[in-house]
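Trainee: I have a model open and want to learn how to read its features. Can we go through it piece by piece?

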Amino acid sequence: MRFIPAILTLCIAATPAVAFRAENGMIVDQTGPTEFTVASRIGRGPTEYWCAAGDYAIRVLGVPGRTAIYRVTPPPRQGGQDITFSLDPAIGTAETGISRFGSGRLEKGISAAIAQASYCNNFDLIPFFD
């Protein structure tokens with residue numbers, strides 16, 4: 001009977017973490033202390049990856065909306081390539097991979113709130129052709 005706690009501990013430790021499904025259906029995994037990766041999906045553009053990153057940062061990491069997110073994987077994304085993001089500006093690329101107008105204090109990154117609010121559009125709710 002002494003072995004049951006040890007086996008249970010090993011089973012729990014070996015269980016992979018459950019991935020987060022962002023509001024746009026994209027999958028996000030924590031990949032480092034400040035890094036998280038949005039899994040590749042066919043037909044998805046850069047703004048959808050930013051949506052998932054912002055959603056993850058706010059709902060899972062619990063960061064304030066003004067917290068900057070930085071793209072680690074340099075654009076352009078190759079077909080089938082995941083995109084990694086970080087809260088650490090030191091490892092972020094100089095480009096976000098999306099077009100933005102105006103200049104703000106976040107030159108390399110985008111705030112979590114902007115990423116979530118601006119790029120998480122649920123077009124299924126808009127009846128364009130009804």
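Mentor: Start with terms. Helices (H or I, at least four residues) and strands (E, at least two) are DSSP runs, numbered from the N terminus. Two strands pair if DSSP finds at least two bridges between them. This is a predicted model: local features need pLDDT of at least 70, side-chain atom pairs count only at pLDDT 80 or more, and totals for chains, interfaces and linings use all residues. Residues are numbered from 1 along each chain as its sequence is written, and side-chain values use heavy atoms, with hydrogens and water left out.

Trainee: How many residues lie between β2 and β3 in their hairpin?

Mentor: Four residues separate β2 and β3 there. The two strands run antiparallel and are joined by three bridges. Q30 has F36 of β3 as its bridge partner.

Trainee: In which sense do β1 and β2 pair?

Mentor: Antiparallel, over two bridges, with β1 at residues 20-21 and β2 at residues 27-30. F20 has V28 as its bridge partner in β2. This hairpin has five residues between the strands, and G25 takes a positive phi near 90°.

Trainee: Now the rings. How do I describe an aromatic pair?

Mentor: By the distance of the centres and the angle of the planes. Rings of Phe, Tyr and Trp (its six-membered ring) pair if their centres lie within 6.5 Å; planes under 30 degrees apart count as stacked, over 60 as edge-to-face and the rest as tilted. The structure holds four aromatic pairs. In one, the ring centres of F36 and Y56 are 5.0 Å apart and the planes stand at 40°, so the pair is tilted. F36 lies in strand β3 (residues 35-38) and Y56 in helix α2 (residues 46-59), so this pair ties together parts 20 residues apart in sequence.

Trainee: What about the rings of W50 and F85?

Mentor: Their centres are 4.7 Å apart and their planes at 70°, so that pair is edge-to-face. W50 lies in helix α2 and F85 in strand β5 (residues 83-86), so the pair ties together parts that are 35 residues apart in sequence. Ring pairs link F20, F36, W50, Y56 and F85 into a cluster.

Trainee: Are W50 and F85 buried or exposed?

Mentor: Both are buried. Buried means under 20% relative accessible area, exposed over 50%, partly exposed in between (1.4 Å probe, protein chains only). F36 and Y56 are buried too.

Trainee: What should I expect of buried nonpolar side chains?

Mentor: In soluble globular proteins, they tend to be buried together. A nonpolar core is a set of buried Ala, Val, Leu, Ile, Met, Phe, Trp, Tyr and Cys residues joined through side-chain atoms within 4.5 Å. Here the largest one has 23 residues, and V28, F36, V38, W50, I69, F85 and Y119 have the most contacts inside it. Its largest share, seven residues, comes from α2.

Trainee: Which residues of helix α3 are buried?

Mentor: A112, A115 and Y119, in a helix spanning residues 112-119. They cover an arc of only 90° around the axis (taken from the directions from the helix axis to the C-beta atoms), which puts them on the same side of α3.
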